[in-house]
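Open the model in your viewer and keep the selection tool at hand. This tour goes stop by stop.

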Amino acid sequence: MDAFYKARQQVLNRTRRFHHTKWGECCTSHDNMIKQWHSIQGVWDLMNMTMTMTTVGGKSHYEQVGLFRSDVYYTRPIDILDSKAAVPNFAHHRGYNDRLFYGTYENARIWASERFSFLDTFEKVYMRHDDLELQIHPLDAWSKMRKLFDKWRRRRRSYNQGYHSETFVKSLLDHHGIRVDFIEHCVWRVRSGYKILASDCDGMKGFSTFDDVRRYSPKNVSSSSLLGDDGSGGGKAVTLVVV
């Protein structure tokens, strides 16, 4: 951890000023995002370093690269050759899901290693620094409607007001002209106590019901732990407990 703070303390000091308000008070979630970027950058650098030691099929680099979290449960195999740039089709939060990426070497390089160099551009071009209000006359017959529209507009814009992981990734890839494919890959985050957050893919076809969860859950999950919101086992999938 000391190595992280030595390498990224200036980045933390800079970006904390624009921590995302939807994450609550600064700075646990914000710092975890920067730690994630640092780890991804380290993995990319390590891959490139080992690549210089040995060629792959006579080529200077891999043609396709996949970057995957190690703290999630993958419900089924992923073919990293089916897209030039792919993310799973859930939890986009008005950006792009940031839990995995695969695609061509160049697209993966941008996703993995260009985040810190993108800070200036992101702050100047993509991040909003104000919270614009519509000037509404109290006697305006459309006042109420315009207030509702303004509230909706500010709620949408708020995702671009500060450092928000999914919207940052979308800005990065869009800036480089990378067209992203949304692939139906479901991955469940794993938490302490052998808990799997099976509600992560709620809303995705084939992964949103109790039966869906049981179909893809690990074999060592007790059926009694597969409960719906009401404890009946027939509702929305929530948390699995590995036994």
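A residue counts as buried when its relative accessible area is under 20%. Keep that cut-off in mind at several stops. Note also that this is a predicted model.

**Stop 1: Cys186 and Cys201**

Select Cys186. Its relative accessibility is 2%, so Cys186 counts as buried. A disulfide joins the two, with 2.1 Å from sulfur to sulfur. The torsion about that S-S bond is about 105°, so the link is right-handed. Next, colour the surroundings. Cys186 sits in the loop between strand S5 (181–183) and strand S6 (187–191). Cys201 sits in the loop between strand S7 (195–197) and helix H7 (210–216). The bond therefore ties together parts that are 15 residues apart in sequence.

**Stop 2: Cys26 and Cys27**

Select Cys26 and Cys27. They form a disulfide as well, and their sulfur atoms are 1.4 Å apart. What is the handedness of the link between Cys26 and Cys27? It is right-handed, with 90° about the S-S bond. Cys26 is partly exposed, at a relative accessible area of 32%. How many disulfides does the count give? The count comes to 2. Counting bonded cysteines along the chain, the pattern is 1-2, 3-4.

**Stop 3: His30**

Move to helix H2, residues 28–51, and select His30 within it. Is His30 buried or exposed? His30 counts as buried, because its relative accessibility is 2%. Show its surroundings. Leaving out residues up to four places away in sequence, His30 touches Thr15, Arg16, His19, Trp23 and Tyr163.

**Stop 4: the open sheet**

Now switch to a cartoon view. Find the open sheet of 4 strands, which run in the order S1-S4-S3-S5. The pairing in this sheet is mixed. Look at the edges: strand S1 (64–68) and S5 stand there, each with a single partner strand. One side of each is therefore left without a neighbour in the sheet. On average, neighbouring strands of this sheet are turned by 20° against each other, direction ignored.

Zoom in on S3 and S4. These strands pair in the antiparallel sense over 2 bridges.

**Stop 5: Asn97**

Stay with these strands and follow the chain between them. Asn97 lies in the loop between strand S3 (85–88) and strand S4 (100–104). Its relative accessibility is 0%, so Asn97 counts as buried. Which backbone atom lies 2.7 Å from a polar atom of the Asn97 side chain? It is the backbone nitrogen of Arg99. Now show the contacts of Asn97, setting aside neighbours within four places in sequence. They are Val87, Pro88, Phe90, Ala91, His92 and Glu166.

**Stop 6: the whole protein**

Zoom out and clear the selection. The protein has 7 helices and 8 strands. Of its 243 residues, 40% count as buried. The protein exposes about 13900 Å², and carbon and sulfur atoms supply 52% of that. Finally, consider contacts between residues at least 6 apart in sequence: 62% of these join residues at least 24 apart.

Notes: Residues are numbered from 1 along each chain as its sequence is written. This is a predicted model: local features need pLDDT of at least 70, side-chain atom pairs count only at pLDDT 80 or more; totals for chains, interfaces and linings use all residues. Side-chain values use heavy atoms; hydrogens and water are left out. Buried means under 20% relative accessible area, exposed over 50%, partly exposed in between (1.4 Å probe, protein chains only). A polar contact is a pair of N or O atoms within 3.5 Å; within protein, one must be able to donate a hydrogen and the other to accept it, and residues adjacent in sequence count only if both atoms are side-chain atoms. Contact means heavy atoms within 4.5 Å. A disulfide is a pair of cysteine sulfur atoms within 2.5 Å. Accessible areas come from the Shrake-Rupley method with a 1.4 Å probe; for residues, only the protein chains shown count as cover. Two strands pair if DSSP finds at least two bridges between them. Axes are lines fitted to C-alpha atoms, for helices over the stretch in contact, and angles run from 0 to 180 degrees between N-to-C directions.
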